Amino acid sequence: MAQQKKESLIITIAGGGSGYTPGLILTMIKQKEQFDISEIRLYDIDEVRNNDMGIIIKFLLMKHKSSIHLTITHNPQEAFEGADFIFSQIRAGGIEMREQDEKVPLKYGVTGQETCGLGGFSYGMRSMKSFLNMVESIQTYAQNAWILNYTNPESIIAESVRRRFPDIKIINACDMTIGIEELIANSFGYDRKQWMPDYYGLNHFGWYKSIYDASRNEDIMPEILNKIKEKGFVLEGLESSWAEAYKLMEMMINYFPEQIPNNYLEYYLFPNKVVEKTDPNYTRANRIMDTKLKKIKDTVAQIQNNPDLEAIDYETSVHGEYIVDMALAILNNKHDRFMLIVPNKGAIPNLRQDAVVEVPCYVNAKGVEPVSLRENIPDFHKGLMEAQVAAEKLLVDAFFENSYQKALQAFSLNQSVPNAEVAKKVLDEFIQVNGDQWVELN
Ligand code: G6P
Ligand code: MN
């Protein structure tokens, strides 16, 4: 019998305890006319954080008079069986290991960051292990579900999934380009929803080629570049670490004035500046602990002690909108355009074909249809990307082959690293610090 189109959906949020969950769920509630959901499941191996988030989400559903059923679970079968979509935002090792990813490299004078440089590689090794295990469960319990994945570090995750599960229904997405487009639109008064940007790169490692504005029928990137050079971004109201990142993005544009870079390139082009401005004893992880994570605890306490429907301060989010729009594009066969992480296969003609790249894609009932760039990219970008792809591939090899040698090659090739001696010291410390959260390397 032909499968009937389901009336209402079951959505599982893997990494349910994350601070991103309220914004995501509020966006789903806001879109309820189009997004008919009967059940949301919060799945997390951290039961304390998942239960805390459950208290908040239950309260938000009540506040918005939603009849969506809420399930809180750390059991994969309960989480995935019968699910239609799995939104994955898991963070292997939690915020405590993010702190290590950031602090260990800084001890040796190199970039300490959750997704870039050697911190990103440390997280990558942990994340592959957790994520692939989870995908295996999903394949057992919900083979037909779509996985919308924004688990970091995305390129490494996407490469490992491509190797282990080449045919599954997964979309790898990152919201950073939306963040950049919001920044530009808010700084200079544009409507980014009119844009069809052309962009190429790896995840957290790319460049805008053009920004076509449909309301004007022209490429407005030259105009935007001039505005950035003349006035700079408007950074008021942003968290200080993001404001600092966007300052370095302006500096990249001053050095290389023809394209708009992804802000994350700061870690490869100006690692010295990044190290200088980072307090090795108080990194971004510490800031998240003292803000986002504290807010979760405070909110739970407030709900338990003095529930006041108005006082709970969570809103819909750009991030949530991005994920929900993607699910809706699949469900309603909408052909909406997103920047996604996909196997290259010709999208960037002069880059190795087996890379995973980030390019514009259309999303519809079939899944993802990438846009081919058709033109070669400049040698400067190609060279930077080829080194990064090779380093990431070596790391994924190290993971699948349990190879210390490959891991050392990956660490040495990472462009935030000055020499193999530093690479080895950081690798050896990360092996200690991560313990069995990494596969064994021999
Ligand atoms: C952007 C990136 C994500 C990253 C996040 C970090 O959204 O695209 O990949 O996880 O920033 O934000 P945080 O507030 O955790 O430092
Ligand atoms: Mn990202």
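**Loops, caps and helix packing**

Tutor: Glutamate 239 lies in the loop between helix 8 (221-231) and helix 9 (240-255). Helices here are DSSP runs of H or I with at least four residues, strands are runs of E with at least two, and both are numbered from the N terminus. This is a predicted model: local features need pLDDT of at least 70, side-chain atom pairs count only at pLDDT 80 or more, and totals for chains, interfaces and linings use all residues. Residues are numbered from 1 along each chain as its sequence is written, chains are lettered from A and ligands numbered from 1 in the order in which they are written, and side-chain values use heavy atoms, with hydrogens and water left out.

Student: OK, and is glutamate 239 buried, partly exposed or exposed?

Tutor: Glutamate 239 is partly exposed, at 39% relative accessible area. The cut-offs are under 20% for buried and over 50% for exposed, with partly exposed in between (1.4 Å probe, protein chains only).

Student: What is glutamate 239 in contact with, leaving aside neighbours within four places in sequence?

Tutor: Arg284 and Arg287 are in contact with glutamate 239 on that count. Contact means heavy atoms within 4.5 Å. As for spacing, the C-alpha atoms of glutamate 239 and isoleucine 220 are separated by 28 Å, and the two residues are 19 apart along the chain.

Student: Switching to helix 15, which of its residues are buried?

Tutor: Helix 15 covers residues 404-413, and its buried residues are Tyr404, Ala407, Leu408, Ala410 and Phe411. Looking down the axis of helix 15, they fall within an arc of 160°, so they line one face of the helix. That arc is taken from the directions from the helix axis to the C-beta atoms.

Student: Why do residues three or four places apart point the same way in an α-helix?

Tutor: An α-helix has 3.6 residues a turn, so residues at that spacing point the same way.

Student: What covers the buried residues of helix 15?

Tutor: The cover includes helix 5 (117-141), helix 14 (379-401) and helix 16 (420-434).

Student: At what angle do helix 15 and helix 16 pack?

Tutor: About 125°, with the axes of helix 15 and helix 16 8 Å apart. That makes helix 15 oblique to helix 16. Axes are lines fitted to C-alpha atoms, for helices over the stretch in contact, and angles run from 0 to 180 degrees between N-to-C directions. Under 35 degrees counts as roughly parallel, over 145 as roughly antiparallel, 65 to 115 as roughly perpendicular, and the rest as oblique.

Student: Which residues of helix 15 meet helix 16?

Tutor: Tyr404, Ala407, Leu408, Phe411 and Ser412 do, and among their partners in helix 16 are Ala423, Leu427 and Ile431.

Student: What caps the N-terminal end of helix 15?

Tutor: Serine 403 does, with a side-chain oxygen 3.4 Å from the backbone nitrogen of glutamine 405. For a polar contact you need a pair of N or O atoms within 3.5 Å; within protein, one must be able to donate a hydrogen and the other to accept it, and residues adjacent in sequence count only if both atoms are side-chain atoms. Serine 403 sits in the loop between helix 14 and helix 15 and is buried at 11% relative accessibility. Not counting residues up to four places away in sequence, serine 403 touches Ala398, Leu441 and Asn442.

Student: And how far apart are the axes of helix 5 and helix 14?

Tutor: They are 10 Å apart, and helix 5 and helix 14 pack at an angle of about 50°. That makes helix 5 oblique to helix 14. Phe121, Met125, Met128, Lys129 and Leu132 make the contact from helix 5, with residues including Leu395 and Phe399 from helix 14.

Student: What is phi near for asparagine 333?

Tutor: Phi of asparagine 333 is near 50°, a positive value in a residue other than glycine. Asparagine 333 lies in the loop between helix 13 (318-331) and strand 11 (336-343), and counts as partly exposed at 37% relative accessibility. Histidine 335 is also in the loop between helix 13 and strand 11, with phi near 55°.
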